[in-house]
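Please keep the sequence and the coordinates open while reading.

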Amino acid sequence: MGMMPVPDAPLDEKAIIAAAEKALADIAAIRGEVSKVIFGQEKVVENTLLAILSGGHALLVGVPGLAKTKLVTTLGTVLGLDANRIQFTPDLMPSDILGTEVMDQDENGRRSFRFVKGPVFAQLLMADEINRASPRTQSALLQSMQEYHVTIAGQAYDLPSPFHVLATQNPLEQEGTYPLPEAQLDRFLLQVDVGYPELAAERQILLETTGLSEARATSVVTAERLIEIQRLIRQMPVSEGVVDAILSLVRAARPGQGYAETDKNVAWGPGPRAGQALMLCARARALYEGRLAPSLDDIHALAEPVLEHRMALTFAARAEGMSVRDVIAGLVSRAHG
């Protein structure tokens with residue numbers, strides 16, 4: 001799975017508790033700072049932050065104008081990350097993302113190639129409307145998300161650490177969009193659905209953003225501190241019961257495992273990356289909510305963002321007007337039952 005390598009000696013229980021308490025304070029400060037600029041949308045902010053705290057990438061899906069870009073810019077500032085943004089268009093080429101080789105000539109007339117880095121060389125990359133670019137350009141970005149390096153003319157260049165991609169996708173099937181293939185969707189740790197704001201939040205948006213001055217977020221942690229928190233999350237203990245719940249949820253979402261409902265409605269289900277995503281994000285969610293160990297509630301809350309982009313419905317289920325979310329809700333309530 002496209003995760004940062006984290007070679008570190010494991011902490012003992014006492015050290016984990018001390019480190020977790022420090023991380024809780026940092027995460028609370030991050031949440032507070034983001035809420036100065038992004039009104040409402042708590043779930044969206046939470047899931048996007050969980051993807052970053054877990055060391056992964058997130059796909060934000062929503063109609064235009066719901067502050068997806070603003071959220072990413074704000075997170076870059078608050079987390080102390082060097083951020084870049086690419087607007088994906090049908091004519092965008094891989095070199096527009098990765099960079100390109102230019103020819104230099106020295107005073108003796110000797111020519112040599114020099115690599116000029118593209119916008120992918122950032123710690124937080126906003127890929128706006130990723131489904132508008134051609135598959136060739138999409139795959140250039142997705143390879144760097146997976147491998148954390150870029151290969152140009154046979155030479156590998158490492159991407160900065162940490163490296164996170166937050167991509168946005170417009171759900172309206174407009175002319176000239178290329179939906180991401182399943183294997184590439186799987187590279188995103190979470191899919192974050194961005195809906196319209198609640199009434200109170202929208203009122204606040206109207207009042208706070210149309211005056212002479214707007215609130216600005218400031219940095220709360222550094223990139224180095226973020227990496228420390230990501231390492232801590234990978235060391236948090238997960239109980240046997242939670243591991244079993246992850247396995248049974250992911251396996252129940254696959255056809256051919258003996259679940260009549262799934263066999264009827266699901267064409268293909270989530271692979272092992274879904275379980276990895278649940279293991280990581282459940283720990284991050286526990287910490288985000290001020291707890292030291294993940295619970296079954298974390299698994300049920302994360303089922304939708306983890307599974308939604310990793311499964312597809314049968315033609316019959318779609319014809320009946322079912323959605324992937326309905327199927328996931330059914331799996332979760334069966335697990336609750």
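The sections below take up the basis of the model, helix packing, nonpolar cores, backbone geometry and selected residues in turn.

## Basis of the model

This is a predicted model, in which local features need pLDDT of at least 70 and side-chain atom pairs count only at pLDDT 80 or more, while totals for chains, interfaces and linings use all residues. Residues are numbered from 1 along each chain as its sequence is written, and side-chain values use heavy atoms, with hydrogens and water left out.

## Packing around helix α11

Helix α2 (residues 42-53) and helix α11 (residues 272-288) have axes that come within 9 Å and cross at roughly 125 degrees. Helices (H or I, at least four residues) and strands (E, at least two) are DSSP runs numbered from the N terminus, and axes are lines fitted to C-alpha atoms, for helices over the stretch in contact, with angles running from 0 to 180 degrees between N-to-C directions. The two helices α2 and α11 are therefore oblique to each other; angles under 35 degrees count as roughly parallel, over 145 as roughly antiparallel, 65 to 115 as roughly perpendicular and the rest as oblique. The crossing of α2 and α11 is right-handed, a term used if the near helix is turned clockwise from the far one by less than a right angle, with left-handed standing for anticlockwise. On the α2 side the contact (heavy atoms within 4.5 Å) is made by Lys43, Val45, Glu46, Leu49, Leu50 and Leu53, and on the α11 side by Cys281, Ala284, Arg285 and Tyr288. These residues divide into seven nonpolar, no polar and three charged, where Ala, Val, Leu, Ile, Met, Phe, Trp, Tyr, Cys and Pro count as nonpolar, Asp, Glu, Lys and Arg as charged, and the others, Gly among them, as polar.

Helix α8 (residues 223-235) also packs with α11, at an angle of about 110 degrees and with the axes 9 Å apart. That makes α8 roughly perpendicular to α11, and the crossing of this pair is right-handed. Here Ile229, Leu232, Ile233 and Arg234 of α8 meet Leu280, Arg283, Ala284 and Leu287 of α11, a contact whose residues divide into six nonpolar, no polar and two charged.

## Nonpolar cores

The largest nonpolar core has 69 residues, and those with the most contacts inside it are Leu75 and Leu287. The largest share of this core, nine residues, comes from α11. Such a core is a set of buried Ala, Val, Leu, Ile, Met, Phe, Trp, Tyr and Cys residues joined through side-chain atoms within 4.5 Å, and buried means under 20% relative accessible area, exposed over 50% and partly exposed in between (1.4 Å probe, protein chains only).

Leaving aside neighbours within four places in sequence, leucine 75 is in contact with Val34, Thr48, Leu49, Ile52, Leu124 and Leu166.

## Backbone geometry

Most residues other than glycine have a negative phi, and most peptide bonds are trans. The bond from serine 161 to proline 162 is cis, with omega near -10 degrees, and proline 162 lies in the loop between β7 (155-158) and β8 (164-169).

Alanine 67, in the loop between β1 (58-61) and α3 (68-78), has a positive phi near 70 degrees and is partly exposed, with a relative accessible area of 35%. Glutamate 129 likewise has a positive phi, of about 55 degrees, although it is not a glycine; the place of glutamate 129 is the loop between β5 (124-128) and α5 (135-147).

## Selected residues

Glutamine 123 is found in the loop between β4 (111-117) and β5 and counts as buried at 12% relative accessibility. Not counting residues up to four places away in sequence, glutamine 123 touches Gly80, Leu81, Asp82, Pro160, Ser161, Pro162, Phe163, His164 and Ala223.

Proline 272, in helix α11, is exposed with a relative accessible area of 65%; proline 272 and valine 250 are 22 residues apart in sequence and 8.1 Å apart, C-alpha to C-alpha. Tyrosine 259, in the loop between α9 (240-252) and α10 (260-265), is partly exposed, with a relative accessible area of 26%. Residues up to four places away in sequence aside, tyrosine 259 touches Arg251, Ala252 and Arg334, and the C-alpha atoms of tyrosine 259 and leucine 331, 72 residues apart along the chain, are separated by 10.0 Å.
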